[in-house]
Amino acid sequence: MNNLTIKQSLDKLSKKEISSVELTKSCLEQIKKHNPEINAFITVDEAGALEQAESADKLASQGEAWEAKPLLGIPVAVKDIFLTKGLKTTAASKVLEDYIPQYDATVVKKLKDAGAVIVGKTNLDAWAHGSSGENSDFGKTLNPWNKEYVPGGSSSGSAASLAANMCLASTGTDTGGSIRLPASFTNVVGLKPTYGRVSRYGIVAMASSLDSIGHFTKTVEDSALFLNVTAGRDPLDATTPDVEIPDYTKDIKKGVKGLRLGIAKEYFGEGLDKEIKEKALQAVKKLEKLGAIIQEISLPATGHAIACYYIIQPSEVSSNLARYDGIRYGNDRSAFGDEAKRRIMLGTYTLSAGYYDAYYKKAMKVRTLIKQDFERAFDPSMDGVDAIITPVSPTLPWKLGEKINDPLKMYLSDIFTVTANLAGIPGLSVPAGFVNNLPVGIQILGPQFSEKLLFQIGHAHEQETMFYKQTPNL
Amino acid sequence: MSIDVSHVAKLANLKLSEEEENKFEKQLEEVLGYVEKLKEIDTSGTEETSQVTGLQNVTREDIAQGCEITQEEAISASKSTHNGLFKVKGILPNE
């Protein structure tokens, strides 16, 4: 039962073929069986989840409940960087190892209002600092597809728990690729929405101009369903514009006929594993077969994106982590792990007197160039495209321990994902096959607030390939 | 690119051991060496981007809306409180 998608579950729940309690118990069983090894969860809230499931079943018995509560009875997992009232929230750091939040993040509140059942808090790289899931102060998370390999990060537990069928969806954050990368490493769908599409209120801030709040699901349609719930302006987050929320599931089956898809040469050059290149180009061929028009484009500032990101992000991190002084909550700053300390110091340095102009100010200008690259690429008056298809990771998932002693090498895993965060555009990572039994993904990038189109393209590719039907041998 | 790690650690309110200082110095200089490459790119005439929403001056009416949490809840996560307040180390010398 835990192998079902959200859509399938909603169907069975509404027909009373299954109950939320059964569905939730099935997930909790899976967690009990496999979490000790996979370590996808930091906290499992069995009692709370069953209580929520029971009340979901009660509401369901009163009929038409799904109109008002579109996720009623669906077990979801929440990345442990989202505040959950009364339920321990750690950001996977010893600094917050015993922190019990006094309020819910807006997204958590929205999920609860939509009837979702929260089964637990998933593991991550501490403070969302990482691309592999190895930087957690609560132990690393394993890739369910091959336990010697990383699941990707920073939303490692959210990706792994979904891939291992411990939940039907999970939340994540993506500041430089932290949803898209682990999604591509675990054969699931990962959405990084447009910056500001989903509220950041109540989520431990990493880099406030880059943080995007998204989620993982098994299928593209599930992802659209989920965004219908989480999207929207929030008075508590001043960076959420008042943009209409369409029904993201509408037109999802429209297909790609006549759509112009861009292939940027800078994303397919040196540094890209040839096996991944092959998979990505195969995906493009499939979309072309389905009627899309493929167009070569150029995004010239791409090569400077990582340098730009690894100045802006640590700068904002150093500011956001200044609040952790052990006074109002948590432990003092000696509890920070190595990666947090590195990023705080990097940011402090690049913002300090004498260095601000050379680093931070310069990076902000390069950010403009990256943003303009995309604006040009999507501009209809400049022979623009509707969306861009790129690989997600330059390499296959790597073995645990392989990059952990080389911070710079780890940072370079983000070369294809940071651009979307710098430009504030959405990106959808979808399964694109397997190499040596390890998952590979591709990402679909679009203009700001084009999530509906991304789902349309992703769904077409998914229905043509059906990679989501494969599950790992645990 | 050389970085004065002990100075930066002080600014960042991080206490580091000498061993840590040496370890981080090497790693940070490597990263800084990489990000230096931004020097190559021409940004003359380019404006800075500090945010991507284009929003400005997002405000609400200046009317008190009450508080989501009680004083008790607000201090509930602290390890050092006194009389409903956060208790911290003194910063002014005693007379």
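Reader: What should I know about the numbering and the rules before I start?

Author: Residues are numbered from 1 along each chain as its sequence is written, while chains are lettered from A and ligands numbered from 1 in the order in which they are written. Because the model is predicted, local features need pLDDT of at least 70 and side-chain atom pairs count only at pLDDT 80 or more, whereas totals for chains, interfaces and linings use all residues, and side-chain values use heavy atoms, with hydrogens and water left out.

Reader: How do you know what confidence the predictor has in chain B?

Author: pLDDT is the predictor's confidence in each residue, from 0 to 100, and chain B averages 93, with 98% of its residues scoring at least 70. The model as a whole scores ipTM 0.95 and pTM 0.97.

Reader: What makes residues of chain A and chain B part of the contact?

Author: Contact means heavy atoms within 4.5 Å, and the contact takes 56 residues from chain A and 48 residues from chain B. By buried area, which is the accessible area (1.4 Å probe) that two parts lose on being put together, summed over both, the chains bury about 4,700 Å², 67% of it on carbon and sulfur atoms. In chain A, Gln102(A), Met345(A) and Tyr349(A) lose the most area to chain B, together 14% of what that side buries.

Reader: Which element gives the largest share of the side of chain A that touches chain B?

Author: Helices (H or I, at least four residues) and strands (E, at least two) are DSSP runs, numbered from the N terminus, and the largest share, eleven residues, comes from α12(A). Lys371(A) is placed in helix α12 of chain A, and, leaving aside its neighbours within four places in sequence, Lys371(A) is in contact with Ala423(A), Thr49(B) and Val52(B).

Reader: Why is the aromatic pair of Trp145(A) and Phe434(A) called tilted?

Author: Rings of Phe, Tyr and Trp (its six-membered ring) pair if their centres lie within 6.5 Å, and planes under 30 degrees apart count as stacked, over 60 as edge-to-face and the rest as tilted. Trp145(A) and Phe434(A) lie 5.0 Å apart, centre to centre, with 50 degrees between the planes, so they pair and count as tilted. Trp145(A) lies in the loop between β3 (117-122) and α6 (156-163) of chain A and Phe434(A) in strand β10 (residues 427-435) of chain A, so the pair ties together parts that are 289 residues apart in sequence.

Reader: What is the phi of Asn165(A), and where does this residue lie?

Author: Asn165(A) has a positive phi of about 60 degrees although it is not a glycine, and Asn165(A) lies in the loop between α6 and β4 (169-174) of chain A.
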